[in-house]
Amino acid sequence: MASLQPARGTHDLLPDDFRRHSRVIDIARETAGLYGFAQIATPIFEFTEVFQRTLGDTSDIVTKEMYTFIDKGGEQVTLRPEGTAGVARALISNGLSQHLPLKYFYAGPMFRYERPQKGRLRQFHQIGVELLGVPGPQADIEVLATGQQILEALGIWRHTRLELNTLGDPESRDAYRAVLVEYFQDHLDTLSKDSQERLHRNPLRILDSKDEGDRTLVAGAPAFGAYLNQHSQDFFGRVTEGLTALGIPYTHNPRLVRGLDYYTHTAFEFVTEALGAQGTVMAGGRYDGLVGMMGGPETPGIGWAAGIERLAMLLTEVPQAPRPIAVIPVGSAEEAAAMRLAQRLRKAGYPVELGYGGNVGKRMKRANKLNARAALLLGEAELAREIATVRDLDSGEQVEIPLSQLEDRLSIFR
RNA sequence: GCGGGCUUAGCUCAGCUGGUUAGAGCGCACGGUUGUGGUCCGUGAGGUCACGGGUUCAAACCCCGUAGCUCGCCCCA
């Protein structure tokens, strides 16, 4: 057993995995591009305050999951645990409020110090979109539609369902929270231990509890709907109408709550049954207060993030490595000619593998292992006649092709 | 941070109530084939039995600790 292990919760992406990741990112970028989202990249670490102030002092991310350290200049920095705070900071840093609305797409690693599980890592990767500067529900609808189309394009939409809820505006949420706390306060003794803790930190979270006792208690709890003010009700109504108009099915889950402080109004999760306890594959919501909270101009925003590892696990159609053409010199006298020919074909756009030694048999074996589509043999006889022996490695058929015609005639192997 | 299961070859796994040189399949290397892969046949390499300690005449096997993996909780993508 190897003694050199990667750090806990991290792992190497070898070519098979990397191709899956690339496929997720490529399709997401392309699809988001159809909606006008442009890719950006923000730093992988930020000053700690960027996350601390925005995520809320009581969230688990801040209290136990951040990779924080002091750099050599004495600055306290944190490896980013999520993408939105950095994008909001970038908006302020770059004075981008002048150019609203803005639509950004990003992809990259995130870091959370957690106990690893299936679909949960300490260094993981997310894609995400953020739409800034649009206060109306058109933005919510568009952001949700972007996510849905990406899942569809990846071929995993059919394993997924959209759960939707509203957290209302701050006024509605504060009113509801007060009522909720009062209700659970009266049943404190029947509340699970976890939820007693939640009552102080994030009472809305109790709605989401998996504890059976909590669930029966929750069933009797006052409903959020009654405490939503007119504006919040209208807003949510327009979002759901928009989804219906676009033919995007959703489930209204009144117990769906987001963990981070900055969410308002729309909250949603695309979930699957296929990944065990980590069923959330893409999640987000509206964060109208975030940019203002960070010290920038009040700017509405909405977005989502999705875990690339989780999406990659759901891909049924696995991207294959390209099938090369193997150019094989029969003897050492043909090495140079083979190398020149390989280069010529690569410049014409063919993936070409040139063996690294050995006799023809060994090189053929290697070509086969690389899943080569065809083998092109160059020997003394071939060079004298200015042809190549071309073997179709799927059918075993072999033909001779004049060297000058290779670019054209190899096209059947693309 | 909490609880359960697991860890034997590159991979997937056998290994009896503790007993002598720890096995298989796949993969890998070489050969059968000095100009032809895949299939087949033969030969071979590869193991501090996760790590550290303990019990025992004797430990892959029993006990304790540590690490990693895994499933769930918390939380989250």
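**Exercise 1. Find which element gives the most residues to the surface near RNA strand B, and how many.**

Solution. Helix H13 gives the most, with seven residues. Here a residue is near a strand if one of its heavy atoms lies within 4 Å of it. Helices (H or I, at least four residues) and strands (E, at least two) are DSSP runs, numbered from the N terminus.

This is a predicted model: local features need pLDDT of at least 70, side-chain atom pairs count only at pLDDT 80 or more, and totals for chains, interfaces and linings use all residues. Residues are numbered from 1 along each chain, chains are lettered from A and ligands numbered from 1 in the order written, and side-chain values use heavy atoms, without hydrogens and water.

**Exercise 2. Describe the residues around RNA strand B.**

Step 1. Sort by type. The surface has 14 nonpolar, 14 polar and 21 charged residues. Ala, Val, Leu, Ile, Met, Phe, Trp, Tyr, Cys and Pro count as nonpolar, Asp, Glu, Lys and Arg as charged, and the others, Gly among them, as polar.

Step 2. Turn to the RNA. Of its atoms within 4 Å of the protein, 52% belong to sugar or phosphate and the rest to bases.

**Exercise 3. Decide whether Ser172 is buried or exposed, and list its polar contacts.**

Step 1. Locate Ser172. It sits in helix H6 (residues 170-186).

Step 2. Apply the cut-offs. Ser172 is buried because its relative accessibility is 1%; buried means under 20% relative accessible area, exposed over 50%, partly exposed in between (1.4 Å probe, protein chains only).

Step 3. Look for partners. The Ser172 side chain reaches the backbone nitrogen of Asn229 at 3.0 Å. It also makes a polar contact with the side chain of Ser232, at 3.2 Å. A polar contact is a pair of N or O atoms within 3.5 Å; within protein, one must be able to donate a hydrogen and the other to accept it, and residues adjacent in sequence count only if both atoms are side-chain atoms.
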